[in-house]
Amino acid sequence: MAHETGHTFGLPDLYAFDKGDDDHRFVDGWDVMGLIGGAGPQYFAWHSWKLGWTDDSQVVCRASAGSDTVHLTAVEYGPGTKMAVIPTGPSTAYVVESRRAVQADTGLCAAGALVYKVDSSVKSGEGPIRVMDAKPSATPASGCRPLDDGPFWAGETFTDSAAGVRIEVLSADGNGETVRIIKS
């Protein structure tokens, strides 16, 4: 019901329509618009913001060269900063949010700073959102999918040199992560 309601609100399908190797290869179970019965069916912070459930004051956006240090409060909790966004083009951005195994996400395989790329020019079912896997060579735990262990932990960094983006996870606590977002 939450998936179909998301469509009513204008959200795209995050699973692959082509049903190639893995129809959930873009986001696995990180959003109910992807794998409906996935480990983390909470809406992405990006979707929550798009729908007006997350206020602009809960978003840090690094649109020009420079850096920001941000404490992200897990999307499952009420107040606090929910996401940091680094635009990389007219229709693209990297987003980082914090996820915890509570509320709708009690089944998470891993908690931490989840990084994903948004491209609003990509059609529904073709990967408009793609999770960046912090552990691409790791074998997921039993019952978990390849991206389910994707969050970055304290001391880990995501880099897309071509886009001039770097996201450093500085620390973590029970409520979220402190990250440094850098745009060059």
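This report describes the strand pairing, salt bridges and aromatic contacts of a predicted model.

## Basis of the description

Because the model is predicted, local features require pLDDT of at least 70 and side-chain atom pairs count only at pLDDT 80 or more, whereas totals for chains, interfaces and linings use all residues. Residues are numbered from 1 along each chain as its sequence is written, and side-chain values rest on heavy atoms, with hydrogens and water left out.

## The open sheet

An open sheet is built from four strands in the order β2-β9-β8-β7, with antiparallel pairing. Strands (E, at least two residues) and helices (H or I, at least four residues) are DSSP runs numbered from the N terminus, and two strands pair if DSSP finds at least two bridges between them.

Strand β9 (residues 176-183) runs antiparallel to β2, and eight bridges join the two. Within this pairing, L72 has E177 of β9 as its bridge partner.

Strand β3 (residues 83-87) has four of its five residues buried, so it is largely enclosed by the rest of the structure. Buried denotes under 20% relative accessible area, exposed over 50%, and partly exposed the range in between (1.4 Å probe, protein chains only).

Strand β1 (residues 59-61) runs parallel to β3 and is joined to it by three bridges; C61 has V85 as its bridge partner in β3. Strand β4 (residues 92-99) pairs with β3 in the antiparallel sense over four bridges, and here V85 stands opposite V95. Four residues lie between β3 and β4, which form a hairpin.

## Salt bridges

Eleven salt bridges are found in a search of the whole structure; the criterion is a side-chain nitrogen of Lys or Arg within 4 Å of a carboxyl oxygen of Asp or Glu. One of them joins D28 to R145, with the closest N and O atoms 2.9 Å apart. D28 lies in the loop between α1 (2-8) and α2 (45-50) and R145 in the loop between β6 (129-131) and β7, so the pair ties together parts that are 117 residues apart in sequence. D28 is buried at 1% relative accessible area, while R145 is partly exposed at 24%.

A network of salt bridges links E76, E97, R99 and D105. Within it, R99 meets E97 at 2.9 Å, N to O, and D105 at 2.8 Å. Both R99 and E97 are buried; the relative accessible area is 0% for R99 and 0% for D105.

## Aromatic contacts

The whole structure contains seven aromatic pairs, defined for rings of Phe, Tyr and Trp (its six-membered ring) with centres within 6.5 Å; planes under 30 degrees apart are stacked, over 60 edge-to-face, and the rest tilted. F9 and W53 form an edge-to-face pair, 5.9 Å centre to centre with 85° between the planes. This pair links distant parts of the chain, 44 residues apart: F9 in the loop between α1 and α2, and W53 in the loop between α2 and β1. F9 is partly exposed at 46% relative accessible area, and W53 is partly exposed at 46%. Ring pairs also link F9, Y43 and W53 into a cluster.

F152 and F158 form an edge-to-face pair at 6.1 Å centre to centre, with 75° between the planes. F152 is buried at 6% relative accessibility, and F158 is buried at 9%.
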